Structure formats: structure tokens, C-alpha cells
Amino acid sequence: MDRFTGWIGAAVLALVVLAIVLIRSQAVPPAMTGDLSSPEGVTRAWLMAIDDGRPEDAWPLLAPRTQARETRDDFLRRMTRSRNSNNSRFTVAGARISGDEAVVEVSSSRPRSPEPPFFWTGGAPSERTVARLERIEGTWRLTVPPGD
């Protein structure tokens with residue numbers, strides 16, 4: 001076997017390993033957009049704000065009675081300390097709406113770390129929580145945020 005054949009074999013092997021790693025991992029999580037006109041959208045916006053370390057954007061999504069439980073500054077401090085740093089992925093299921101109240105199911109899972117040599121075992125089991133919302137003057141607001 002000459003050098004040229006050896007280099008081609010190494011390049012093919014490197015491309016195969018790279019393809020496996022890219023396929024098995026999700027480099028970019030699915031975009032979560034927050035349409036604030038629906039309970040699901042408000043819940044997504046909340047999750048995005050908390051996950052991105054922007055608790056100041058999450059505060060206005062709370063219902064007034066929920067905001068009354070703590071000051072805005074205390075909320076910002078608490079949310080900054082408890083920021084999601086474990087790369088959880090969230091899935092917002094449909095909402096059950098009854099009049100001016102809604103319940104939204106949220107699933108969260110953390111991806112497992114890769115195991116040698118370059119194999120991915122998939123995500124950890126998902127945890128299910130609910131968010132409770134109330135329609136106040138035509139706007140959905142969280143009375144119980146997901147995970148509370």
C-alpha cells in the first residue's frame with residue numbers, strides 16, 4: 001500500500017467519524033419562538049428567557065398575583081442563580097384551555113455526554129411539568145411557571 005492510498009483511507013475514515021458525530025448530536029436546538037397570544041407561546045417565551053439568562057424578559061410574563069409573591073429584584077436574583085446551565089431541551093405540548101385558564105405540558109431532557117469512542121447514547125429521560133396560565137384582559141400570563 002503506498003502513501004497516497006493511506007492518505008485517502010485516513011481522509012475517508014475522518015469524514016465517516018465526522019458524519020457520525022454530526023448526525024448523532026444536535027448542534028443547533030430547534031428554534032423556540034414565543035407567540036404571546038397563546039398559552040404555549042407565553043410558556044415558550046418564558047423558557048427561552050430563563051434559559052438564555054434573561055429573567056428581566058420573563059418577569060412581565062407572570063400574572064400580577066404571581067408577581068406579588070416576591071419583588072422584581074428578588075425574582076431576578078433567584079432566576080439568575082438558578083439559570084439552566086445543563087443544556088436542557090424543552091418541548092411544549094398543547095394547552096388545555098378552559099375559559100380564562102390554561103394548563104400547558106412541558107417536557108425537558110438533558111443530552112447525555114458522548115461516550116468514547118465517539119458514540120452518543122441519546123438524551124436523558126424527560127421530565128414532565130406543567131405551566132398554569134390565566135387570561136388577564138385578553139393576555140395570557142403565567143400563574144405557575146413551568147418547574148415551580
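## Salt bridges, sheet and core in a predicted model

At 34% relative accessibility, aspartate 74 counts as partly exposed. That value, like the others here, comes from a predicted model. Arginine 77 is partly exposed too, at 48% relative accessibility. The side chains of aspartate 74 and arginine 77 meet in a salt bridge, at 2.6 Å from N to O. Both residues lie in helix H5; being three residues apart, they are separated by about one helical turn.

Aspartate 52 is partly exposed, at 45% relative accessibility. Aspartate 57 is partly exposed at 37%, and arginine 54 is partly exposed at 26%. In general, side chains of opposite charge can pair when their charged atoms come close. The structure holds seven salt bridges. Three of them are listed here.

| Aspartate 74 | Arginine 77 | 2.6 Å |

Now the sheet. Four strands form an open sheet, in the order E1-E2-E3-E4, and their pairing is antiparallel. Why is one side of E1 and of E4 left without a neighbour in the sheet? Strand E1 (89-98) and E4 stand at the edges, so each has a single partner strand. Neighbouring strands are turned by 30° against each other on average, direction ignored. E3 and E4 pair over five bridges, in the antiparallel sense.

The largest nonpolar core has 21 residues. Trp46, Phe75, Leu133 and Leu142 have the most contacts inside it. Five elements each supply at least two residues of this core: helix H2 (39-51), helix H5 (72-81), strand E2 (101-109), strand E3 (127-136) and strand E4 (139-144). H2 gives the most, with six residues. In soluble globular proteins, nonpolar side chains tend to be buried together.

What does phenylalanine 75 contact, leaving aside its neighbours within four places in sequence? Phenylalanine 75 is in contact with Trp46, Pro55, Ala58, Trp59, Leu62 and Glu70.

Terms used:
Residues numbered from 1 in each chain as written. Predicted model: local features only at pLDDT ≥ 70, side-chain atom pairs only at ≥ 80, totals over all residues. Heavy atoms only, no water. Core = buried A, V, L, I, M, F, W, Y, C linked by side-chain atoms within 4.5 Å. Buried < 20%, exposed > 50% of the residue type's maximum accessible area, 1.4 Å probe, protein only. Contact = heavy atoms within 4.5 Å. Pairing = 2+ DSSP bridges. Axes fitted to C-alpha atoms, helices over the stretch in contact; angles between N-to-C directions. Salt bridge = Lys/Arg side-chain N within 4 Å of Asp/Glu carboxyl O.
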